[in-house]
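Student: I am new to this structure and would like to understand the terms used to describe it. May we begin with the idea of a contact?

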Amino acid sequence: MKKVFLLLLFCHTSSQVKHSLKFYFTGSFGIPDVPEFVGAVDVDQIWMAYCDSNKRIKPKQDWVKKVIQNDREQLDWYKEECFVVQPNFFKTTIENLMQRFNQRGGVHILQRMSGCEWDDETGEGNGFMHYGYDGEDFISLNVKNLTWIALKPRGVATKLSWDADKITLRHYENYLTHICPQWLKKYVDIARSSLLRKDFPSVSLLQKSPSSPVSCFATGFYPDKAVMFWRKDGEELQEDVDHGEILSNHDGSFQMSVDLNISSVSSEDWGSRSISRFN
């Protein structure tokens, strides 16, 4: 039986069920001409806003501007967190860690990712908070038990100190399990047309010359969740396949390509049939 090459494109376009709200905070020491603290927020991996210790807040989406214009409480919260609370906390924490680890100078970076997820079908959700120090995992919060987990041996002392601070732990519990999910639901509702946007791609097969790789090129899809691969006889090909990166188009959609090196493919194996599939 003559073998046939099948081209399958899997592109995520189904309505998103699980939503997320993530806050990214970074404090630094020893980096000139860079704010000592910067923060960013995303909803469903779409950048929402940026702020820093130079007292700048920059909304990244039009709907975010409407939120902070119409909700003074949230705007005040973001200002307080970005300009006062978190910059002071990160500065103090870095100084304490440098002293604890006998670090007298150099460049040091403390990072935190926190937030929550919410499933709009089941109603289930969870909160999370993770710290990294100088490029390594450092400490993580077990929200259910309200205890810290040292991810590296040098994080044990910090765990013991932070476990003893019950007031802050209760504050984090309220923030991650109540405030964050409420805001996430509000953001999803306000930005539904943007967050749940789904554009199907157009797909082409390209080849510059008979001996050059055959490229499967997909463009115009949104969001940037796509998987492309070549199949032969029902099996995904791993060898002689070059996966390109997902790139942005000027209109906000995305493109990507996957090349198949045909030098190792015999002419008998080629069929005239190809299949495109979308999920």
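Tutor: Two residues are in contact if they have heavy atoms within 4.5 Å. Please note that this is a predicted model. Among contacts in the chain between residues at least 6 apart in sequence, 56% join residues at least 24 apart.

Student: What makes β4 and β5 a pair of strands?

Tutor: Pairing requires at least two bridges between the strands. Strand β4, residues 46-52, and strand β5, residues 56-59, share four bridges, so they count as paired. Their sense is antiparallel, and A49 stands opposite P59 in β5.

Student: How many residues lie between β4 and β5 in the hairpin?

Tutor: Three residues lie between β4 and β5. In the turn, K55 has a positive phi of about 65 degrees.

Student: Why is I57 called partly exposed?

Tutor: A residue is buried under 20% relative accessibility and exposed over 50%. I57 has 27%, which lies between those limits, and therefore I57 counts as partly exposed. I57 is found in strand β5.

Student: Which residues does I57 touch, leaving aside those up to four places away in sequence?

Tutor: I57 touches Y50, C51, Y78, K79 and F83.

Student: How many helices and strands does the chain have, and what share of its residues is buried?

Tutor: The chain has five helices and 16 strands. Buried residues make up 40% of its 279 residues.

Notes:
Residues are numbered from 1 along each chain as its sequence is written. This is a predicted model: local features need pLDDT of at least 70, side-chain atom pairs count only at pLDDT 80 or more; totals for chains, interfaces and linings use all residues. Side-chain values use heavy atoms; hydrogens and water are left out. Helices (H or I, at least four residues) and strands (E, at least two) are DSSP runs, numbered from the N terminus. Buried means under 20% relative accessible area, exposed over 50%, partly exposed in between (1.4 Å probe, protein chains only).
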